[in-house]
Amino acid sequence: MKYVVSVSKKRDSIWKIYYYEKDDDDNLVFKSKRISRLLIPFYKLVKCHRTKMWCDECGQIFLSITRLNNSHDECPYCLIEYEN
Ligand SMILES: [Zn+2]
């Protein structure tokens, strides 16, 4: 799954999206890709927001990538603790 964080136009009308994608080890990797003009409204719609969150359980600060109207996210540090 792609987490699109930015849709922007470069020179010569080249549109690009910037997004995070999980690799095989479940790490988020920052990437960019050229897109067709026709897909701009779609990507603007699915665009996510990067927010720094502070967890009041463990005190860690983590990067949260969320969609609009869905600002709640689980703390990755606490999730790791639950798994162990
Ligand atoms: Zn936590």
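Predicted model: local features only at pLDDT ≥ 70, side-chain atom pairs only at ≥ 80, totals over all residues.
Trainee: What makes Glu57 exposed?

Mentor: Glu57 has 9 other C-beta atoms within 10 Å, and a residue is called exposed if that count is 12 or fewer, so Glu57 is exposed. Glu57 lies in the loop between strand E4 (48–54) and strand E5 (61–67).

Trainee: Which residues is Glu57 in contact with, leaving aside its neighbours within four places in sequence?

Mentor: Glu57 is in contact with Cys75 and Cys78, and contact here requires C-beta atoms that lie within 7 Å. The C-alpha atoms of Glu57 and Cys75 are separated by 8.7 Å, but that value concerns C-alpha atoms, whereas the contact cut-off is applied to C-beta atoms placed from the backbone. Along the chain, Glu57 and Cys75 are 18 residues apart.

Trainee: How do you know that strands E1 and E2 pair?

Mentor: Two strands pair if there are at least two bridges between them, and E1 (residues 2–9) and E2 (residues 15–22) have 7 bridges in the antiparallel sense, so the pairing of E1 with E2 meets the criterion. Within this pair, Lys9 stands opposite Trp15 of E2. The hairpin of E1 and E2 has 5 residues between the strands, and Asp12 takes a positive phi near 65° there.

Trainee: How many bridges join E2 to E3?

Mentor: There are 8 bridges between E2 and strand E3 (residues 28–35), which run antiparallel, and because at least two are required, E2 and E3 also count as paired. Trp15 stands opposite Ile35 in E3, while Lys16 has Arg34 of E3 as its bridge partner. These two strands form a hairpin with 5 residues between them, and Asp26 in the turn has a positive phi of about 70°.

Trainee: Why are E1 and E3 called edge strands?

Mentor: The open sheet has 3 strands in the order E1-E2-E3, with antiparallel pairing. E1 and E3 each pair on one side only, and they are the edge strands. From one strand to the next, the twist averages 20°.

Trainee: What pattern does the protein follow along the sequence?

Mentor: The protein has 2 helices and 5 strands, and read along the sequence the pattern is β-β-β-α-β-β-α.

Trainee: What share of the 84 residues is buried?

Mentor: Buried residues make up 5% of the 84 residues, where a buried residue must have 20 or more other C-beta atoms within 10 Å of its own. With 9 such atoms, Glu57 falls under the exposed heading.

Definitions and conventions: Residues numbered from 1 in each chain as written. Helix = DSSP H or I, 4+ residues; strand = E, 2+ residues; numbered from the N terminus. Axes fitted to C-alpha atoms, helices over the stretch in contact; angles between N-to-C directions. Contact = placed C-beta atoms within 7 Å.
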